[in-house]
Amino acid sequence: MSADKQTFNRGEMIADKYEVLDRLDESPLGTHYRVKHTKTGKFIRLTMLNPAVANREKKEEIVAAYNAANKANHPNILRVGEVSQYQGVAFYTME
């Protein structure tokens, strides 16, 4: 596997805790998957960020945006989960 792998198939694991169920779509932001968290059993959306969007120069900006989104708390807003990386590619999860 390459360090910039963006494509995952059903049943593959991401970060040893997210089982890929379906590839949802692709956008300029990255590739979006429906995954199952293996510990909680919850179904969530995981976005593997496009390396052109989530490069080292933009790391602080991405972390700041994540922290701001994570503070938002309203019943009509989707919750942001985790921001991390897998095989050198940044990803985030949300409900």
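**Figure 1. The second largest pocket of the predicted model.** The second largest pocket has a volume of about 240 Å³. A pocket is an open set of points on a 1 Å grid over the protein atoms alone, where a 1.4 Å probe fits, with protein on both sides within 12 Å along at least five of seven lines; lining residues have an atom within 4 Å of a point. The volume is the space filled by probe spheres set on the points, which are joined across faces, edges and corners. Residues of the lining include Leu29, Leu49, Val53, Lys58, Glu61 and Tyr92. Helix H1 (59–71) and strand E5 (80–86) are the elements that give two or more residues to this lining, and H1 gives the most, with five. Helices (H or I, at least four residues) and strands (E, at least two) are DSSP runs, numbered from the N terminus. By class, the lining has 10 nonpolar, no polar and two charged residues; Ala, Val, Leu, Ile, Met, Phe, Trp, Tyr, Cys and Pro count as nonpolar, Asp, Glu, Lys and Arg as charged, and the others, Gly among them, as polar. The model is predicted: local features need pLDDT of at least 70 and side-chain atom pairs pLDDT 80 or more, while totals for chains, interfaces and linings use all residues. Residues are numbered from 1 along each chain as its sequence is written, and side-chain values use heavy atoms, with hydrogens and water left out.

Figure 2. Ile14, in strand E1 (residues 13–14), is buried, with a relative accessible area of 0%. Buried means under 20% relative accessible area, exposed over 50%, and partly exposed in between (1.4 Å probe, protein chains only). Not counting residues up to four places away in sequence, Ile14 touches Phe8, Val20, Leu46, Met48 and Tyr86; contact means heavy atoms within 4.5 Å. The C-alpha atoms of Ile14 and Gln85 are separated by 9.4 Å, with the two residues 71 apart along the chain.

**Figure 3. Surroundings of Thr93.** Thr93 lies in strand E6 (residues 89–94) and is buried at 3% relative accessible area. The Thr93 side chain reaches the backbone nitrogen of Glu82 at 2.8 Å.

**Figure 4. Salt bridges of Asp22.** A salt bridge is a side-chain nitrogen of Lys or Arg within 4 Å of a carboxyl oxygen of Asp or Glu. Arg10, Asp22 and Arg34 are linked in a network of salt bridges. The closest N and O atoms of Asp22 and Arg10 are 3.6 Å apart. For Asp22 and Arg34 the N to O value is 2.3 Å. Asp22 lies in strand E2 and Arg34 in strand E3 (residues 30–37), so this pair ties together parts 12 residues apart in sequence. Arg10 is exposed, at 62%.

Methods: Polar contact = N/O pair within 3.5 Å; in protein donor to acceptor, adjacent residues only side chain to side chain.
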